[in-house]
Amino acid sequence: MVVVLITVGLLIVPFGGFSEYFIRLLAIIFLWIGKTGCWNIISGFTGYIDFGAVGYYGIGSYVTALLMSKGHAPFLISILVSGVVSALIALPVGLPTLRLRGAYFGIATLAFAEAMKQIILEFDKTVGVNFFEGPHGITLPIGPKNEFFYYIGFGVMIIVIGIAYWIRRSKLGYALRAIHEAEHAAELSGVDTLRTKVKAYMISAFFLGLIGGVETYWLTYITPHMVFDLLITIQMVVMSLLGGIGTVFGPVVGASFLTIIYELLHRDFPYTYTIIVGFIIVVVVLLMPKGIIGTLQTKRVIQKTRPAE
Amino acid sequence: MLLFLQSLLNGILLGGIYASYSAGFSLIFGVMGVINLFHGEMVMLGAFLTYWVFTLFHIDPFLTIPLSIISLFIFGYLVQRFVINRVVEEPPMISYILTFGIHLIIAYTALWIWTADFRTVTTSYSGFNANIGGMIVPYARLATFGLALLVVVGLYILLYKSEVGRAIQATAQDKEMARLMGVNINRIYAITFGVGAAITGIAGSLISTYFIIFPQMGLPYTIIAFCVVVLGGMGYIPGALWGGLVLGVVQSLTATYLNAGLSGAFTFILLFMMLVVRPAGILGKGVVE
Amino acid sequence: MGLLEGRNLTKYFGALAAVNSVDFSVEKGEILGMIGPNGAGKSTLFNVIMGVYKPDRGEVVLKGRTVSGLKPHQICRMGIAKTSQIVQPFAQMSVLENVLVAGLYGRNLSLADATREAEEILELVDLGGLKEIASGSITVPRRRRLELARAIATGAEIILLDENMAGLNPTEIEEVLKLLRKIRNQGKTLIVVEHIMRVVMGISDRIIVLNYGEKIAEGTPSEVANDEKVIEAYLGEKVCFV
C-alpha cells in the first residue's frame, strides 16, 4: 500500500512545481538504483562479485552514442540495441570467467572492463579510422529536458527492481541462491550452474548497457574515461553492500543514501566523497556485512524461527 | 635490430621493478589468502616518503630506503593486525572488497593532502646514462634494477633461511599444523603483511627516482602486480620474477612497435587470458583458490 | 547388463592412480556396499560416477548409455544423485527450500509440484517439523538426513551415499538404515560407502572392496568378510577371521 502511494507520488513529482535540481537529483537516484540493481542481480544473487560491470555500461553508452550521432537512430531503438549488444558481449566474457572461483572472477572482469576502455581509446589510432573518436569522445545532439529522463529513469528503475523481485521468487531465484550458498551441491542437485550464472550475467549486462545508453543521451558527450570509469563499478558495489547485497530492495536504500551524500559533498569536497565511500566499505564489511536491508531481514527471520525445536 | 634490443632491455629492466613490488603481493596472498587491493598505495607511500624526505631534507633517495622499510613495515603490520585480520578466515572476495575500500581511503586522502600534481625526484645523477653496445640505459635505472633483484632475492632468503621465514612458510602451507607447532598465527600474519608492505615500500622509493609520482598512481601498480603474480603463479615468490620479466618485455615491445596506449590494453587482455586459460601461472605453480 | 556399470574406470591425480581399472555393476533395487581403507579411492570413484571427474580411462554406463564425461547436473538429471561426505546444505535457505531446489532442477518440476514433493520427502526422512528452519542451523544428524532428502528429491533412481552416517550414534544409525530399506523398497538403488563395518555388512546385498584404487574383492557380505585379501588390506597382515 505504501509502495503504491510512493510510486504514484513519484510519478506526479515533475508536475508539482519542484525545482529542476530536485527533479534531476531524483532521476539520478533512479538510474543509480537501476545500475545497482543490475549489479546485484549477478553479484548479489550468485556471490560472484563483478568488478567489470562498468564495461557493459560503457559498451551501451558507445553503442547509443554511435547510433544516435552517426546513425541518426531514434532513442528507444538505440538503447535497446545497446542492451542487446552488451548482453551478447557478456556471453563470451561470462562463459569462461564464471567458471573461475570467486576472487579470480572479480579480477578477470576488472581486466575486461579496463581492456574495453583501452581498446576504445586506441582503436581509431591503431586501425586508422574515425569511428570511436578515441579520447576526444562523441557528442550527441541536445535532447529533451530533465523531465523526460526522470520518467525514463523511473521506468528503468521499476523494471530492474521488478525483475530482481520476480527472479527472487521464481525457479531461477532458487537456483541462484543455491549457487551462492553451495555451488557444488547445487550442481549435484541438477542445477546447471554455469548456464544459470551466465543467464544472470547477461540480464545484468543488458540493463547496464541500456542504462548506459540512456545516460549517454542525457549527458550528450562521452569519452572512454567517463563511461568506463572504475568508480562507477565501485559505487554500484558500495550501494549494494550498504543497502544489503543480494536483497531486492537493498539497491534502493543504498543508492538513494549514497547519491544524496554525493550531492551534498562533491562540489565542495570532491575527494571526501570517495574517502567516505572507502570508509563505508570498510565499516560494512567488518561490522554489517549484510547491509541495511539484509540485517533487518535476518532479525526478522531469527524472530520467526525462535520457537525452539 | 638495435631498436629491438633496446626495447627488450628496457622491458627487462622494467620487469625487474615489476617483480620487486609484486613479490609482496604474492607473499600476502600465499600466506593469508588475502588479495590486497591497496598494494599500489604502498608503492605510492614509499615513493612519496622518499620524495618528501628528498625535497625537505635533501637526502638521496637511495639512502631513504631503510626509512621506507621501517615505516611501511609498521604501517602494514598495524593495518593487518587491526583491520585485515578480521577477515582472513573469510573467502578471498571479502578481503578483496575490504582492501579496495582501504585503497580508496588512502589514495583519496593522499590526493586531498598532496593534490594531484605530478612530482619527480631529480637527483644530480638523474641524467647520466650508460652506453651498453649502443643501447642507452640511465645509471639510475640500472641501480634500481639491481636493487630490485636484491629485494626479490632478499625475500627468498628471508623465507628459506630464517626462523621467521620458516614460520611464515609453515603458516602458508598448513595453518593448523603450524598452530600446533606453537606458531602464533596472528603474529605471523601481521609480520608477513608488514614484510610485504616493507618490500613494496622499497620498490616505491626506487620508483620515485625515475617515474613520475602522484597520489592516484597506486591502482595501476596494483593491477600490474596482479598481472605479474597471475603470470608467475599466485603465492609462488620466484614466479614474481618470471611474471615481472614477461610482462615488462611484453609491455615494452608493444609500446615500441604498436603504441603506448595499446600496451595497457595488452596487459589487461593478457591478464584475462591467463585467468581463463591458465590461472595457475605460466609455470603452473600458483595457488588456484 | 546392470542398471549402472563402471568399466575399467581409472582416474589419475598426477602420477597417482586414485582409481585403477575398477569394474562394477549394480542391478535395480540392489544395495551395493563399498568398503576399503582410508584413501582407497571410494570417494574418487563416486566423483567419477557423478561426473565431477572425468575418468582417464574407462567409462560409466547408465542404462546402457555412456555418461562418463557429462557434467554432474546432467548426470543428476539422468538419474544418479550423491550425498557428500562433508554436508553442504544451502545454509541460509530453509530445510524445505533445500529439498525444493533438488526437485525443481533434478526433476524439472514446477514450483507447486516440487513444493508438494519436497514436503512429502521431508516427512519420509522425518524432518517435516523443521521445514521452515534455516538449514545451516540444524544439527548434524539432521543435516545428513537433509542431504539424503535432497538426493531423493532429484528423482534419482540410484543414490550414492558417501559416508552419510559418519559420526552418528547407534540409534541414529538404526533409523537411517530403516530409512534406506524403505527407500530401496520404493524401487531405488543404493551404493553405500561407510566405515562402520556392521552397517555396511548389515544392509548390503553385495559388497565391493577397494584398496589403493583397485577392486580387490567382490561378493556377499560373508564372502567378503572371509576374503584373505580384504582382511590383509584392513589389518595389514594375514590373520584368521572366524
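Over how many bridges do strand β1 and β2(C) of chain C pair, and in which sense? Strand β1 (residues 4-13) of chain C pairs with β2(C) in the antiparallel sense, over seven bridges. Two strands pair if DSSP finds at least two bridges between them. Within this pairing, C:Phe13 stands opposite C:Leu16 of β2(C).

The model is predicted: local features need pLDDT of at least 70 and side-chain atom pairs count only at pLDDT 80 or more, while totals for chains, interfaces and linings use all residues. Residues are numbered from 1 along each chain as its sequence is written, and chains are lettered from A and ligands numbered from 1 in the order in which they are written.

**Chain C**

The strands β2-β1-β4-β5 of chain C form, in that order, an open sheet of four strands with antiparallel pairing. Its edge strands, each pairing on one side only, are β2 (16-26) and β5 (65-66) of chain C. Chain C contains nine helices and ten strands; helices (H or I, at least four residues) and strands (E, at least two) are DSSP runs, numbered from the N terminus. The radius of gyration of chain C is 18 Å, close to the 18 Å that the globule rule gives for 242 residues, so chain C is as compact as a globular protein of that length. This radius is taken over C-alpha atoms, and the rule is 2.2 Å times the number of residues to the power 0.38.

| Property of chain C | Value |
|---|---|
| Box filled by C-alpha atoms, along the principal axes | roughly 55 × 40 × 35 Å |
| Buried residues (20 or more other C-beta atoms within 10 Å of their own, C-beta atoms placed from the backbone) | 46% of the 242 residues |
| Contacts joining residues at least 24 apart, among those between residues at least 6 apart in sequence | 63% |

**Contacts between chains**

Two residues are in contact if their C-beta atoms, placed from the backbone, lie within 7 Å. Of the two pairs of chains in contact, chains A and B share the most contacts. By contrast, no contact joins chain B and chain C, and their closest C-alpha atoms lie 13 Å apart.

**A helix pair in chain A**

Helix α10 (residues 230-243) and helix α11 (residues 250-265) of chain A pack at an angle of about 115 degrees, with their axes 7 Å apart. Axes are lines fitted to C-alpha atoms, for helices over the stretch in contact, and angles run from 0 to 180 degrees between N-to-C directions. Residues making the contact include A:Val238 and A:Leu242 of α10(A), and A:Val253 and A:Phe257 of α11(A).

Terms used
Buried ≥ 20, exposed ≤ 12 C-beta atoms within 10 Å, placed from the backbone.
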